[in-house]
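Open the model in your viewer and keep the selection tool at hand. The stops below say what to select next and what is there.

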Amino acid sequence: MLATKETNVRYTAAFFRHEEDLLAAATEARESGFEIFDAYTPIAVHGLDRAVGLKRSHLTWIAFAAGVMGLVLGLGLQVWTSVYDWPLNVGGKPFNSFPLFIPVAFELTVLFSGLIAIGVLVVRNRLWLFAKRRVFERVTDDRFVLVLKQRDASFDVRRAHKLLEKHGAVSVIEGDQFV
Amino acid sequence: MSVALKHEGEHEAHHQELSPLRRPLIEGRKTYGDVTTDICSLMERKPGGLWWAAFITSLTIFLAGAIATTYTVTTGIGTWGLNKTVGWAFDITNFVFWIGIGHAGTFISAILFLFNQKWRTSVNRSAEAMTLIAVMCAGIFPIIHMGRPWLFYWVLPYPNQRGSLWVNFRSPLLWDFFAISTYFIISAVFWYLGLVPDLATARDRIRSKWRHALYRVMSLGWNGSNRTWSRYETVYLILAALATPLVLSVHSIVSFDFATSVIPGWHSTIFPPYFVAGAVFSGFAMVMTLMILVRKLMKLEAYITPQHLENMCKVTLLTGSIVTVAYLTEAFIGFYSGNPNEMFVIINRAMGPYSWAYWTMVTCNAIVPQFFWFKKARTSIPMIFVLSILINVGMWFERFVIIVTSLHRDFLPSSWAMYTPTVTEIVIMLGSFGLFFTLFLLFLRIFPVISMNEVKGVLHYARD
């Protein structure tokens, strides 16, 4: 499920100065039963996936499969054109000069794997050229934001604020619109 | 470190202790906010007189090169100094030289990333930009060397009305096309991917109308979401893992252009590793030349420190020594083969009419980097600047020596010939340097020169 697809969510957002505080707050919030909507950070924070409970992506397998596809297509193209469609005698080399097909097949493996991995990132996280979405203040500069989702009326706002402030949140805001 | 202490100041707590074992990568007690301000203000600032002077000079040289290229394309390859015996010379020398320059960028961005070398963060952005620009410069040469460059798309295996007559997949020249275009595409997306979070930082900060609009479009709606970061980091790792064998394959394939032929001096199995080491060697020398200029002109001394330069000097020393071993091996195997043609090539290189080029190469590539054994040389910036330029001169001559000295003494003494470049060729070569610096100067103005999001991640290095 993509966080950004849900447009109307009541949430509590806490701003932190340090990544360690964000990690500690996220871990404790999850342990005390709050639902974490997402976290927003200026840098890639190691260990945050585990702290917010994000599952490991299958992307490496997709990239591997894409590479295999590039390899098969690359070899297929070369064998088909050089052996079946129009075999040409070049310097007396055999039509199926397989070792000489390896470089192009390798390049296509890399090309397919890399471009499809990027493609998955762009499509799944919807990184379009004219994408417009909510950006929390200073989050691309020096603030780390943890967003808790208020699933229903049982969400204890006061307890949430207390927990977040305990971990050094500089400010905690409430909101209900996500773009 | 107590919690109370931690929240007293913005970042004081993180700068309490310096590690006794490591030196901080970034000098000065920079906070996250400082990094944003330092790098973004470079983009907001109006270019100074020095930038304009450099830009106009580079652009002029590039335009001269463009005129010489137009003259070549409209008149023919006869405008060059090539002859029946020496069919490759300046053009292919420049091609191999520029492709080699590109290798350092990928080495820094991919291989050092896999080896978790944190110092790469200060230089990877500009080194990758250098890679892209160098590959563009390289790509020009084989295309204009075709004579009819407007038919260059014939190297693509597309269904056509000539049969379909397919391309010859057994030719290393075709492998080159696949290797270099893959290299360019993967390097370009890798570089752009690294830029996206920084473009978002610029978008959220820079208010000038055009720049804001540009960064808004280019930052792809990046909002720092952890779900995006998570997949982004995975893709970054995948691309690094792919770019590593890719960069090794590119110069190996370039070396196949020579090694698969039966010309003495070319037909050698050590060519792929020899070329790759030489490429990283020259590339790092070029990165050092550029970084010394950039840190001075853009006042980035706190980010690109003598420590960064020292590390690059060490890589240069290592690869330079590999190149030296390759020279020795080449000479030894030449004699050990017992083949008179091989022996003749080695003697002719060292003592023939192009011996001046050979000894320039040996001096610059085998002797000059040995100065980097001394810490004094590795930490003196004027010294590094001079040595790095000498290395690039040497590496240019290496390709010239490999190509021209192997060709000009044919198997048949009656076809022996000499090669002298024409003015057109020299201007095209200079023009490629003009193009390189023009584009690099534009990069310095438009994009964040330092990878802000990665540098922020190493601010605490050795300070906790």
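Two residues are in contact if their C-beta atoms, placed from the backbone, lie within 7 Å. In chain B, of the contacts with a separation of 6 or more, 82% are accounted for by residues 24 or more positions apart. This is a predicted model, in which local features need pLDDT of at least 70 and side-chain atom pairs count only at pLDDT 80 or more, while totals for chains, interfaces and linings use all residues. Residues are numbered from 1 along each chain as its sequence is written, and chains are lettered from A and ligands numbered from 1 in the order in which they are written.

**Stop 1: confidence**

Colour the model by pLDDT, the predictor's confidence in each residue, from 0 to 100. Chain B has a mean pLDDT of 90, with 95% of its residues at 70 or more. Now select residues 1–15 of chain B: here the pLDDT is below 50, and the stretch has 14 contacts in the model beyond near neighbours in sequence. Where pLDDT is low, predicted coordinates should not be read in detail. For chain A the mean is 87, and 94% of its residues reach 70 or more. For the complex, the predictor gives an ipTM of 0.91 and a pTM of 0.92.

**Stop 2: chain B as a whole**

Along its principal axes, the C-alpha trace of chain B spans about 85 × 55 × 40 Å. Of its 464 residues, 47% count as buried. A residue is buried if 20 or more other C-beta atoms lie within 10 Å of its own, exposed if 12 or fewer, and partly exposed in between, with C-beta atoms placed from the backbone.

**Stop 3: where the chains meet**

Bring chain A back. The contact takes 57 residues from chain A and 53 residues from chain B. On the chain B side, α2 (32–44), α6 (172–205), α8 (226–259) and α16 (452–457) each supply at least two residues. Select α8(B), which gives the largest share of that side, 16 residues.

**Stop 4: the core**

The largest nonpolar core has 174 residues. Such a core is a set of buried Ala, Val, Leu, Ile, Met, Phe, Trp, Tyr and Cys residues joined through C-beta atoms within 7 Å. The largest share of this core, 17 residues, comes from α8(B). Select B:Val287, one of the residues with the most contacts inside the core. Not counting residues up to four places away in sequence, B:Val287 touches B:Ala104, B:Val123, B:Ala127, B:Met130 and B:Met312.

**Stop 5: backbone details**

Most residues other than glycine have a negative phi, and most peptide bonds are trans. Select B:Ser164, in the loop between α5 (124–145) and α6 of chain B. The peptide bond from B:Gly163 to B:Ser164 is cis, with omega near -5°.

Next, go to A:Arg126, in the loop between α4 (102–124) and β3 (144–149) of chain A. A:Arg126 is not a glycine, yet has a positive phi of about 45°. Finish at B:Lys299, in the loop between α9 (271–297) and α10 (306–336) of chain B. Is B:Lys299 buried or exposed? B:Lys299 is exposed, with 11 other C-beta atoms within 10 Å.

Note on methods. Helix = DSSP H or I, 4+ residues; strand = E, 2+ residues; numbered from the N terminus.
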